[in-house]
Amino acid sequence: MPKISRGFHALCIASIMTFLLAPVILVFPISFSADAYVAWPPSAWSTRWYVALLHNEEMVTAFRNSLIIAACVTAITLIVAMPAAVALTRWNFLGRDALTSLFTAPLLLPSIVLGLAILVIFAGYGLVGSWPGVIIGHLVITLPYALRVLITGLSTMPAFVEDAAGTLGADPWRVFRRITLPLMTPALVASAALAFIVSFDEVVISLFIAGTQLKLLPVSLYHYVESWTDPLVAAVSALLVLGTLGIVLIVERAIGFGKAVSK
Amino acid sequence: MYLEVESLEKRYGHFAPSVSDLSFSLGQGELLGLLGPSGCGKTTTLRMISGLVQATSGKIKVGGQDVTRLPTYRRNMGVMFQSYALFPHMTIAENVAFGLQMRKARHADIAKRVESALAMVHLSGVAERKPRELSGGQQQRVALARALVIEPDILLLDEPLSNLDAKLRDNMRGEIRDIQQRLRMTTVFVTHDQTEAMAICDRIIVMNRGKLEQIGTPHDIYENPATPMVAEFVGRINRLEGQWRSDGAIAVGDSLLQVKDGGGTGRVLIMIRPHRIDLGAWGTASAGSAEENTIAGTIRHVTYVGDTFQYEVATTGGLLQVEKATSSMADPFQPGDAVTLRWKTRDTLTFSTEIAG
């Protein structure tokens, strides 16, 4: 009985994984198709769509823009979220819990609502289609994620280590630098990775705010798919999957991804 | 006096104060125990001394200098936490060196002092390991070395033994006392375990509900408890209720009890420790003298726990617990036996005002 149930267990997991991952994996062979449209199985193999991608100026620009935006968003997210998380976990003040809920609330809102709201406000300030506009829009989404991870990281720190450092003669700044910061590194790396991936992949808010002037990869991809059905999208997707995997691997190597996200 | 605490108070919001009206002083090299049930304010007091909690009012002076408003990192107090609070990302040597680095000690000097601190707690071999690779007892020694290496003005120990198993606890207790004596380190030791406090403290403060109940030597606290709370907290004890008589004796049931310094009116609470009561077969005793009290009773229940028999005896004044050491020969009393309970007058503790408790 235990053996059967274990086999069944494994089968369940295998089928769920297949269900979840099959489309992602399928993207790779399709991206090497020699056909002019997406079809399975491809009639012949080639790397022509990767070459086409390199010569597609819009895609290359969009990719570069998205990278720059994601990097900026990640940096600003950490700079803002880290002190905020410290304040929300280490200081005692009236309305602290209310603030924590408020700051993490956007996680629960449908991004289409957020996107629309931001569009309405930004339009008045001429921020639509601008770099600062897109960065601020993305921050609305990435900050709650980062705050969540950092708050968890800070509140699960071993008890009293900061107090202990204080009694040993470390002033608050040195307590932070020598004790708090090293102990929250896993949470920092995790929130950086999350912020980067979320910003890079964000479609809905980018769609609203990027407008037509500022090309972003997910938006350009979306528009491309509307009018073309060739395997170029598969090539882009394959690269995205590899990129994300790369980030996850780096995080895993650095601290262990499971630990970083769940800690 | 080296450490002086004057009318210390801590309030959180509008709740009853966690600590109030607490005053005591401590000589150089003295080991003081802060003893009390959980929530009595002993840890809050320790944290106020260390500066981790700001006192609402009152003064804390060390060597004559007022440190009440000084931040923790300027106070030079060695604190050992209940959870040890070792830095998990540093090696043992780095943990111990931390306080010296904060004091900007010279590099070579740091290495030497870390080494001798670890030697003092018998942990020389583990300097390069991380805290999680050490056992609980070893982690605790590291915490002690880390607190002592900075040569603190005062050593503060917060329930240092409560995370250890019983045997290790006794060893460690003795070791802490040894080191404290050797360094003549002025120490405040917080605990809820009266045996622990009795065993190593020069003096003990018993706290209850944020207030000092009594301060004194372990002997004082045990033999002359100031309040029924202290009497009950530092060991097992019987309670009886009686009535003062005009001749200075106390009427309990149909017996009369003498007390060492009698006198009072109205009702009175009497307390006697179970092991201070002698049991004899009924009729073997002479009537109570000035040095001794006797009361008649019937054995209700006998419990054998190896080193003692614990008897429950019904008397006209109420139920009394009696504890007798066992010997291989002794033939214990059986339930239903008529007995005489006898104890010294000076072991009869009386509390006139606390009858309601």
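## Chain A and its helices

A helix here is a DSSP run of H or I at least four residues long, while a strand is a run of E with at least two. Keep that in mind as you look around this model, which is predicted. UniProt, in an unreviewed entry, puts the feature "domain: ABC transmembrane type-1" at residues 63-251 of chain A. How much of that span is helix, and how much is strand? The answer is 79% helix and 0% strand, with the end C-alpha atoms 22 Å apart.

The unreviewed UniProt entry also lists several stretches of chain A as "transmembrane region", including residues 7-32 and 67-89. Take residues 7-32 of chain A: they are 96% helix and 0% strand, and 36 Å separates the end C-alpha atoms. Residues 67-89 of chain A come out at 100% helix and 0% strand, with their end C-alpha atoms 32 Å apart.

## Where the two chains meet

Now for the spot where chain B touches chain A: 17 residues of chain B are in contact with 17 residues of chain A. H2(B) gives the most, with 3 residues. If you sort the chain B side by type, you get 11 nonpolar residues, 5 polar and 1 charged.

## A closer look at H2 of chain B

Which residues of H2(B) are buried? They are B:Ile92, B:Asn95, B:Val96, B:Ala97, B:Phe98, B:Gly99 and B:Leu100. To count as buried, a residue needs 20 or more other C-beta atoms within 10 Å of its own.

What covers these buried residues includes parts of both chains: helix H7 (161-167) of chain A, plus helix H3 (107-120) and helix H4 (136-148) of chain B. After H2(B) comes B:Lys104, which has a positive phi, near 55°.

## A sheet in chain B

Chain B also has an open sheet of 5 strands, in the order E15-E19-E16-E17-E18, with antiparallel pairing. Why is one side of E15 and of E18 left without a neighbour? Strand E15 (278-281) and strand E18 (318-325) of chain B stand at the edges and have a single partner strand each, so one side of each has no neighbour in the sheet. From one strand to the next, the twist averages 45°.

Strands of a sheet pair through backbone hydrogen bonds. For an example inside this sheet, follow strand E16 (residues 292-304) of chain B: 7 bridges join it to strand E19 (residues 338-344) of chain B, and the two run antiparallel. B:Thr298 has B:Ala338 in E19(B) as its bridge partner.

Key. Residues numbered from 1 in each chain as written. Chains lettered and ligands numbered in written order. Predicted model: local features only at pLDDT ≥ 70, side-chain atom pairs only at ≥ 80, totals over all residues. Contact = placed C-beta atoms within 7 Å. Nonpolar A, V, L, I, M, F, W, Y, C, P; charged D, E, K, R; others polar. UniProt positions renumbered as here; feature names shortened; annotations may be inferred. Pairing = 2+ DSSP bridges. Axes fitted to C-alpha atoms, helices over the stretch in contact; angles between N-to-C directions. Buried ≥ 20, exposed ≤ 12 C-beta atoms within 10 Å, placed from the backbone.
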